[in-house]
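The sequence and structure come first.

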There are 2 protein chains.
Amino acid sequence: MSAEFRCNCPITSAIDLMGDKWSLVVVKNMLLYNQKTFKDFSEASENIATNILSSRLKRLEQNGFITKTKPLNNKKTNIYLLTEKGLSLIPIIVELAIWGDANIHIPSSQEAENGQIAVINNDKESFIKNLKKSYKEKIEAID
Amino acid sequence: MSAEFRCNCPITSAIDLMGDKWSLVVVKNMLLYNQKTFKDFSEASENIATNILSSRLKRLEQNGFITKTKPLNNKKTNIYLLTEKGLSLIPIIVELAIWGDANIHIPSSQEAENGQIAVINNDKESFIKNLKKSYKEKIEAID
DNA sequence: ATTTTTGCTTTTGTTTTGCAAGTAAAAATA
DNA sequence: TATTTTTACTTGCAAAACAAAAGCAAAAAT
């Protein structure tokens, strides 16, 4: 997957970077479910194949959306964390959540977060801020 | 491309529907550049192949994002228009625009809309409303 | 009547994705 | 300490999606 841009439209370029089946899903899982290891991602409900996951993590790191580090007490497990650039995708992910919640009706998700999305919609800005803040607090607690 | 959903996460499902390289690009070109015919889309700066365009238009129509009609005075040209469901994607496209504008630096687009995005950001809600309204007014003028 | 335009489809690659298996090093367990 | 398990990958191969080019039929323009 080349990092080339089709044209100089910022919307199209954003899609060139993040508009594939997996990149935003990985970022979402980092953000909302606190996933941070290869194992975490590969066990997510989306069932990403490990070769795809590996290539996506590499690309996300190369493009500055995530960092890859090893914790002090473990030489094996890699910890992937969102950078500021990665966190700057939150507004896009929030809009996808609102849209998906309003427009996709999956039988088995009737019991899911009803009304939650309405709350987000009413104070989107502070929801985004809080999500970013709480992610940052969580990763501070790791080191 | 099947319309199946990987899991019951609304974000992932939104990506299942619109998270490919072309669907949102076509919608964007309808919305911002008033494109509405096969020819319009195939001549856009993204250079979509006609077979891909054909399959994307079919899928967008099947999923209720666009309609396909023939104008009264022309038996040949098809007119593709965004439905309400298609227009409901505007907030996502706006966030992609803001993100792309802030994060992607393409050499040849230095002269592009500087400051415009800041304006959008300051009153996002009314920008979205106006974009929707102006699209609807334009398509009224067609019939 | 002929040429051009429009909206496709078809053909033939190439690239990306997905599944299954394999692997090497580290960590946990016996 | 030896063996087993876990983690983070890579490899190989099949399937699906994408892309470039050509072809085509009907409508519109000349």
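## DNA contacts

A phosphate oxygen of DNA strand D has a backbone N or O atom of Phe38(A) at 3.3 Å. The model is a predicted one. From chain B, a polar side-chain atom of Asn74(B) is placed 3.4 Å from a phosphate oxygen of DNA strand D. H3 and H4 of chain A, together with H4 of chain B, are the elements that give two or more residues to the surface near DNA strand D.

In total, 23 residues surround DNA strand D, and the closest are Lys39(A), Lys76(A), Tyr80(A), Asn51(B) and Arg56(B). Of the atoms of DNA strand D that come within 4 Å of the protein, 64% belong to sugar and phosphate. By class, the surface near DNA strand D is made up of five nonpolar, 10 polar and eight charged residues.

DNA strand C is surrounded by 22 residues, the closest being Arg56(A), Lys76(A), Lys39(B), Lys76(B) and Tyr80(B). Sugar and phosphate make up 61% of the atoms of DNA strand C that come within 4 Å of the protein. The surface near DNA strand C divides into five nonpolar, nine polar and eight charged residues.

| Residue | Protein atom | Atom in DNA strand C | Distance |
|---|---|---|---|
| Trp22(A) | side-chain N or O atom | phosphate oxygen | 2.8 Å |
| Lys75(A) | polar backbone atom | phosphate oxygen | 2.6 Å |
| Lys39(B) | backbone N or O atom | phosphate oxygen | 2.8 Å |

The elements that supply two or more residues to the surface near DNA strand C are H4 of chain A, along with H3 and helix H4 (50–62) of chain B.

## Relation between the chains

How is chain B superposed on chain A? A rotation of 180 degrees with 0.0 Å of shift along its axis does this, at an RMSD of 0.0 Å. The two copies are therefore related as by a two-fold rotation axis. Of the interface residues of chain B, 100% are also interface residues in chain A, so the copies meet through the same surface.

## Helix H1

In chain A, helix H1 (residues 10–18) is mostly covered, with nine of its nine residues buried. These are Pro10(A), Ile11(A), Thr12(A), Ser13(A), Ala14(A), Ile15(A), Asp16(A), Leu17(A) and Met18(A). The cover over the buried residues of H1(A) draws on both chains: it includes helix H2 (23–33) and H4 of chain A together with H2 and helix H6 (90–103) of chain B.

In chain B, helix H1 (residues 10–18) contains Asp16(B). Is Asp16(B) buried or exposed? Its relative accessible area is 12%, and buried means under 20%, so Asp16(B) counts as buried. Apart from neighbours within four places in sequence, the residues in contact with Asp16(B) are Glu4(B), Phe5(B), Arg6(B) and Arg59(B).

## Strands of chain B

Strand S1 (residues 66–69) of chain B pairs with S2(B) in the antiparallel sense, over four bridges. Within this pairing, Thr67(B) stands opposite Leu81(B) in S2(B).

Strand S2 (residues 79–82) of chain B is covered on both faces. On one side Ile79(B) and Leu81(B) are buried, and on the other Tyr80(B) and Leu82(B) are buried. In a regular strand, side chains alternate between the two faces of the sheet. Tyr80(B) is also among the residues closest to DNA strand C.

## Positive phi in two loops

Two asparagines remain to be described. Asn47(A) has a positive phi, near 60 degrees, and is a residue other than glycine. Its place is the loop between helix H3 (38–42) and helix H4 (50–62) of chain A. With a relative accessibility of 63%, Asn47(A) counts as exposed, because exposed means over 50%.

Asn34(B) is not a glycine either, yet has a positive phi of about 60 degrees. Asn34(B) sits in the loop between helix H2 (23–33) and helix H3 (38–42) of chain B. Which accessibility class does Asn34(B) fall in? At 27% relative accessibility, Asn34(B) counts as partly exposed.

Terms used
Residues numbered from 1 in each chain as written. Chains lettered and ligands numbered in written order. Predicted model: local features only at pLDDT ≥ 70, side-chain atom pairs only at ≥ 80, totals over all residues. Heavy atoms only, no water. Buried < 20%, exposed > 50% of the residue type's maximum accessible area, 1.4 Å probe, protein only. Contact = heavy atoms within 4.5 Å. Least-squares fit on C-alpha atoms with pLDDT ≥ 70 in both. Pairing = 2+ DSSP bridges. Near = heavy atom within 4 Å. Polar contact = N/O pair within 3.5 Å; in protein donor to acceptor, adjacent residues only side chain to side chain. Nonpolar A, V, L, I, M, F, W, Y, C, P; charged D, E, K, R; others polar.
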